[in-house]
Each structure stands twice: as C-alpha cells, then as structure tokens.
Amino acid sequence: MIPPETSALAVPLSVVQIASVVVILTLSPVLIESISNDPIYRPLKKIHSGLESLTAVPLFASDDRGLGVLFARKNIIYGFNQDDLTLLEAFANQAIIAIENTRRIQESLEKERLSQEMSIAMAVQKRLLPQNTPESLSFDIAAINEPASEVGGDYYDFIGENNKPLILI
C-alpha cells in the first residue's frame, strides 16, 4: 500500500509510476475501485485529480525476475471489478510469454552469431596452417591440427627450401 506521506512528493508521479509503486509494494495484483473513497490511496487525487479507479498486475518472469507492471486506469469511480482484474491478469500472462519468447529468441540469435564467428575463426586458422608438408629424403613428415572445439591455440609451420635445412615449428 502507498504510505499517506505520498502526497508530500515534490515531483508528481505519472499514472504508470503510481501503478508500479502500488504493485511493487504489494507484489500482487491490485484493484482500487475508488481512489476518492479510500483513505490510503486518496493522496493520489492530489497528484492526478482525474484518477478514480486503477487496476494493476505485476509481470514476473518464470525465474521470478520482475519485468514490469501492466495497468489500466479509469476516470470514474468503480470503473473496474474483479472480472476486469482477471482479464488484465490474462493479458499479463500473455505479455509475459511474449517477453520471455522474445528473450529466448534473442539468446538463440546471439548463440548463432557466436557460432558463425567461431566458424569464421576456424576457417581463418586453417588457412594460416601449411596446406602441404615438405618432402624429405631423411624422414616422413605428416601434420594434422584438429581443435577440440571450433578454434584451437596450436600452430605449426615448416621453414626451409629445397636442399636447405628444414625447421619444424
């Protein structure tokens, strides 16, 4: 509930802020049928004279993270009833689903972007490695580089030319 000293606020609150404060303080849906007739909420009339009834529902993610507040207001007394609050809760549930689905899609897109970047890094790394092994009469030379994930930190190279000493790095 909003404390009576709310009327002493220096900066007027918007209706959105009022609804948010009410829901945040109670952590549950709120139905205020008559602000004028309720001594707890009557100070709101000094901030917004036309506000008479308000209903608000908190939006909580599945991990109990607060997402926001869905609210409705009317300039008439008894503008909302319990059915209106139930309907607003249904809208809130749909909004939560949409918000969480959007968040999951964003996470999926970010993972895909990172995967593409790793694929590019893997291709660049493979191009840095020698494509062929040098020929040697003294010994056989073979090389392979298979990183555990897309990109590894290992590197090798062969330095030398025909009839000159060969250095393996």
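Lys45 touches Ile35, Ser36, Gly50, Leu51 and Glu52, when residues up to four places away in sequence are not counted; contact here means heavy atoms within 4.5 Å. The model is a predicted one, in which local features need pLDDT of at least 70 and side-chain atom pairs count only at pLDDT 80 or more, while totals for chains, interfaces and linings use all residues. Residues are numbered from 1 along each chain as its sequence is written, and side-chain values use heavy atoms, with hydrogens and water left out.

Lys45 belongs to helix α2 (residues 44-47). Helices (H or I, at least four residues) and strands (E, at least two) are DSSP runs, numbered from the N terminus. Lys45 counts as buried because its relative accessibility is 17%; buried means under 20% relative accessible area, exposed over 50%, and partly exposed in between, with a 1.4 Å probe and protein chains only. The side chain of Lys45 reaches two backbone oxygens, that of Ser49 at 2.5 Å and that of Leu51 at 3.1 Å. Such a polar contact is a pair of N or O atoms within 3.5 Å; within protein, one must be able to donate a hydrogen and the other to accept it, and residues adjacent in sequence count only if both atoms are side-chain atoms.

Glu52, one of the residues touched by Lys45, lies in the loop between α2 and β2. Glu52 is buried because its relative accessible area is 13%. Its side chain makes a polar contact of 2.7 Å with the side chain of Ser36. Beyond four places in sequence, the residues that Glu52 touches include Ile32, Glu33, Lys45, Lys74 and Ile77. Arg42 is found in the loop between β1 and α2, and its C-alpha atom is separated by 9.3 Å from that of Glu52, 10 residues away along the chain. Arg42 counts as partly exposed because its relative accessibility is 40%. Leaving aside neighbours within four places in sequence, Arg42 is in contact with Ile35, Ser36 and Asn37.

The wider arrangement can now be set out. The protein chain contains 3 helices and 5 strands, which follow the order α-β-α-β-β-α-β-β from the N terminus on. Of its 169 residues, 25% count as buried. Among contacts between residues at least 6 apart in sequence, 54% join residues at least 24 apart.

Strands β2 and β3 run antiparallel and are joined by 8 bridges; two strands pair if DSSP finds at least two bridges between them. Phe60 has Gly66 as its bridge partner in β3. The two strands form a hairpin with 5 residues between them. Asp64, in the turn, has a positive phi of about 65° although it is not a glycine. Asp64 is exposed because its relative accessible area is 63%. Tyr78, in the loop between β3 and α3, also is not a glycine and has a positive phi of about 55°. Tyr78 counts as exposed because its relative accessibility is 52%.

Helix α3 (residues 82-128) comes next. Its 47 residues reach 69 Å from the first C-alpha to the last, close to the 69 Å expected at 1.5 Å a residue; the expected span is 1.5 Å times one less than the number of residues. Buried in α3 are Leu85, Leu88, Ala92, Ile96, Glu100 and Gln125. An α-helix has 3.6 residues a turn, so residues three or four places apart point the same way. The buried residues of α3 pack against β1 (30-32), β2 (53-60) and β3 (66-74).

Gln125 is also one of the residues that line the largest cavity, together with Met122, Lys126, Leu129, Asn145, Pro147 and Glu150. The structure holds 1 cavity of 30 Å³ or more, and about 30 Å³ of space lies in the largest cavity. On a 1 Å grid over the protein atoms alone, a cavity is a set of points where a 1.4 Å probe fits but cannot get out, and lining residues have an atom within 4 Å of a point. Grid points are joined across faces, edges and corners, and a volume is the space filled by probe spheres set on the points.

Phe158 lies in strand β4 (residues 158-159) and counts as buried because its relative accessibility is 16%. Phe158 and Pro130 are 28 residues apart in sequence and 7.5 Å apart in space, C-alpha to C-alpha. Among the residues that Phe158 touches, not counting those up to four places away in sequence, are Pro130, Ile141, Ala143 and Leu168.

Conventions
1 Å grid on protein atoms, 1.4 Å probe; cavity = no way out; pocket = protein on both sides within 12 Å on 5 of 7 lines; lining within 4 Å.
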